[in-house]
Amino acid sequence: MDDHTNDDLPCYGLYIDGSWTDAEGGTMPVNEPALGRPMAYVARGSAADVDRAVAAAREAFDRGPWPHTPGHERARILNAIADLIEEHTAEFAELESRNLGAPLRKTTFVDIPWSVEHLRVFAELATIHPYEALPWTDIPSVSWNFVWREPIGVCGQIVPWNYPLLMTIWKIAPALAAGNTVVLKPASYTPLTALMLTRLIHESGVLPRGVLNVVTGPGAEVGDALARHPGVDKVSFTGSTETGRHIMRLASDTIKRLTLELGGKSPSLVMPDADLELAVDGVLFGVFFNGGQSCEAGTRCLAPESLHDEFIERLVTRARSLRIGDPLDLETDLGPLVSEAQCRIVEEYIEVGKHEGARLVTGGKRARVPGFERGPFIEPTIFTNVLNGTRLAQEEIFGPVLSVIPYRTVTEAIELANASRYGLGAAVWSRDLQGAIEVAKRIRTGTVWINDHHIILPRAPFGGYKQSGIGREHGIYGLMAYTELKHIHVDLMQKRSGRVWWDVLIPQSEQGA
Ligand code: NAP
Ligand code: MG
C-alpha cells in the first residue's frame, strides 16, 4: 500500500453494486504527467475485487430490471448521463488534460463533446425495437419466424489510457444501451475522468444497483481476472495488440464474445495531385494529434518522389511551429506524453530509427518546457527515407514520430500502405475525389479518410482489419456486438396431433393416404 497519509489528494475506491468500497490491495497513485507527481490515489483492485464486481453485475443482469427495461427508458438514462457530462464539461476537460497531459483545446473540443455525442447516439439506438420479422415461409410447414435481439450479459470492459473518458463511453454506452451490465476497468495511468463520471452517476441515482461497476487496479491482475472470469459473457478491450492477443487466449476458455480494438500503423497516402498545403497540415494532424498517442494515428506518410523534397521542407517547417507546453494552456498543440515510461519507449524507437538508417529531419529529443521540468515532453519528430520493412515503419510507437516513405507509382503506394500487420485506418490526400475513392477501396483498413484524419463518427463502424482487432464499435454495428440473436419459430399448422412428430418434415405428396 502506498503511503499517502501526508497529502490531501483525492482518493477513489472501487465502485461495486452501487457503493464505493476499499480494495484489499490498498491504493495506487495516479500521476499528473506535466508536473511529474501524483494528483490522486485510486483503489488497487485485485482478482478478489473482480469476483465481487462480477457477482454484482451478474445479479443485476440475472435478476435485476436492467435487461428488461424498455429501450426508451434506457435511452432516457443514457441521455441523463450525457447531460451530466455536458453540465461538467469544463471540469472534465481540465481533469482529462491534467491526468493525460493532452492539450485543453483537445479535451474541451473533442474528448468531452464527442463523449456526449456518442452517448446520445446510443440513447437513440437503444430505442430500436429488438424484433425483426423473417419472410413468410411454408416450408416445411406454415410458421411465423422472427429474430429477437437480447443483451449478452455481463461485459468486462478494459479501457486504454489515451482517450480515457471517450473510450469509457465507447465501451459503456453500447453495452448499457443493449441492456447488458458492466464491469469497467479503467487504465491505471488515466482512471480519473471515468471515476468522476461514476461519482456523478452514483449521486444522480439514474442507474439501478450493480449495472455499472468500476474496478481500478493493475491490468495484469484486474484485466486478466476479467478476461478469464467464468461469470463474464463478453470482453471488450482497447489497447495494444500484444495485450489483446493475451486477452483473446484467456477469453477462449469460456468462449466469451470479444470486441478487440488494437494497435495501428496507419498510412497517410499523399497522392501526386494532392493539395500540398492541405496535405501538410493534414499529415501533421494525423500523426501529432494527442501527441501521437492514438491507435489510428497516421504514422506512415507515403509521399511521391516527384514532390518529395518540397513536401518534406514544408512538413518540417510546419512541424517546428507546433507549440509544446502546458496542457492547460489553450494555445498548446502538444503536451507531455502520458508517462515517463511511455517517453522512454518513444526515445528507444527514435534510436532504432537512426540505427536503421532513416534520416532524422526534425525533433528526436526531449523538449524542455519552463515550469514543467519533470514532464515527459518530446519534440515532434520526423524521419525521412524510411524503408517500410523496418521496425520504425512496422511497430506501433505511440508518440509523436512520423516516418516518411517515398514511392514512385500509385500501385506501389497502395502496396506499401497494405504492407503492415495492422489495418485500422488510412488517409488519402488528393484533389481527385473519384480517384481517391478507388484508392480507398484497395486499402485494407477499417476506416479510410479522404482529405481528413481521426474523424470517428458515432454512427460509422470503427475497428480494424488484420491484427488491428476483431469486430466494430459504434452505430448499429457496435450495438449489435452487444447483443445475442435469437430465432423464435412459431408453428402455425398445429397438425402434429395423431401423427409421429417428424412427419411434418415429409412433403404431403410423399406421405401415404
Ligand atoms: P495495454 O497493455 O494494451 O493496456 C490497455 C489496457 O489493458 C489497460 O487498461 C491495461 O491496464 C490493461 N491490461 C494490461 N495488461 C493486461 C492483461 N494482462 N490483461 C488484461 N488487461 C490488461 O497498453 P499499455 O501497456 O498501456 O501501452 C503499451 C503500448 O500499447 C503503447 O505503447 C501503445 O503502443 C499501445 N496502446 C495502444 C492503444 C490503442 O488504442 N491501440 C492504446 C493504448 C496503448 P493498466 O493500465 O493497468 O496497465
Ligand atoms: Mg501493457
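This is a predicted model: local features need pLDDT of at least 70, side-chain atom pairs count only at pLDDT 80 or more; totals for chains, interfaces and linings use all residues.
I'll start with helix H3, which covers residues 89-100. H3 has 12 residues, and from its first C-alpha to its last it reaches 16 Å, close to the 16 Å expected at 1.5 Å a residue. Which residues of H3 are buried? They are Phe92, Ala93, Leu95, Glu96, Ser97, Asn99 and Leu100. As a general point, an α-helix has 3.6 residues a turn, so residues three or four places apart point the same way. After H3 comes Gly101, with a positive phi near 90°.

Strands E4 and E5 come up again in the sheet. Three strands, in the order E1-E5-E4, form an open sheet with mixed pairing. The edge strands are E1 (11-12) and E4, each of which pairs on one side only. Between E1 and E5 the pairing is parallel, over 2 bridges. Cys11 is the residue opposite Tyr41 of E5.

Next, a single residue, Pro400. It sits in the loop between helix H12 (391-394) and strand E17 (401-407). Is Pro400 buried or exposed? Its relative accessible area is 1%, so Pro400 is buried; the cut-off for buried is under 20%. Setting aside neighbours within four places in sequence, Pro400 is in contact with residues including Phe288, Gly291, Gly292, Leu334 and Leu337. Val346, Ile378, Glu379, Pro380 and Thr381 are also among its contacts. As for Thr190, it is 210 residues from Pro400 in sequence, and the two C-alphas are 19 Å apart.

Now the charged pairs. Side chains of opposite charge can pair when their charged atoms come close.

In one of them, Asp333 pairs with Arg105, with the closest N and O atoms 2.7 Å apart. Asp333 is in the loop between helix H10 (308-320) and helix H11 (340-355), while Arg105 is in helix H4, so this pair ties together parts that are 228 residues apart in sequence. Both residues are partly exposed: Asp333 has a relative accessible area of 27%, and Arg105 has one of 35%.

Another salt bridge joins the side chains of Asp111 and Lys106, at 3.1 Å from N to O. Here both partners are buried, with Asp111 at 0% relative accessible area and Lys106 at 5%.

The last pair is Arg318 and Asp281, whose closest N and O atoms are 2.3 Å apart. Arg318 lies in helix H10 and Asp281 in helix H9 (residues 276-288), so the pair ties together parts that are 37 residues apart in sequence. Arg318 is partly exposed at 25% relative accessibility, and Asp281 is partly exposed at 39%. These two belong to one network, in which salt bridges that share partners join Glu277, Asp281, Glu310, Arg314 and Arg318.

Finally, the surface. Ile128, Ile476 and Tyr477 make a nonpolar surface patch of about 250 Å². Of these, Ile476 is in helix H15 (residues 475-480). Ile476 counts as partly exposed because its relative accessibility is 32%.

Key
Residues are numbered from 1 along each chain as its sequence is written. Chains are lettered from A and ligands numbered from 1 in the order in which they are written. Side-chain values use heavy atoms; hydrogens and water are left out. Helices (H or I, at least four residues) and strands (E, at least two) are DSSP runs, numbered from the N terminus. The expected span of a helix is 1.5 Å times one less than its number of residues. Buried means under 20% relative accessible area, exposed over 50%, partly exposed in between (1.4 Å probe, protein chains only). Two strands pair if DSSP finds at least two bridges between them. Patches are made of residues with over 30% relative accessible area and no salt bridge: like charges are joined within 9 Å, nonpolar side chains (Val, Leu, Ile, Met, Phe, Trp, Tyr) within 5 Å. Accessible areas come from the Shrake-Rupley method with a 1.4 Å probe; for residues, only the protein chains shown count as cover. A salt bridge is a side-chain nitrogen of Lys or Arg within 4 Å of a carboxyl oxygen of Asp or Glu. Contact means heavy atoms within 4.5 Å.
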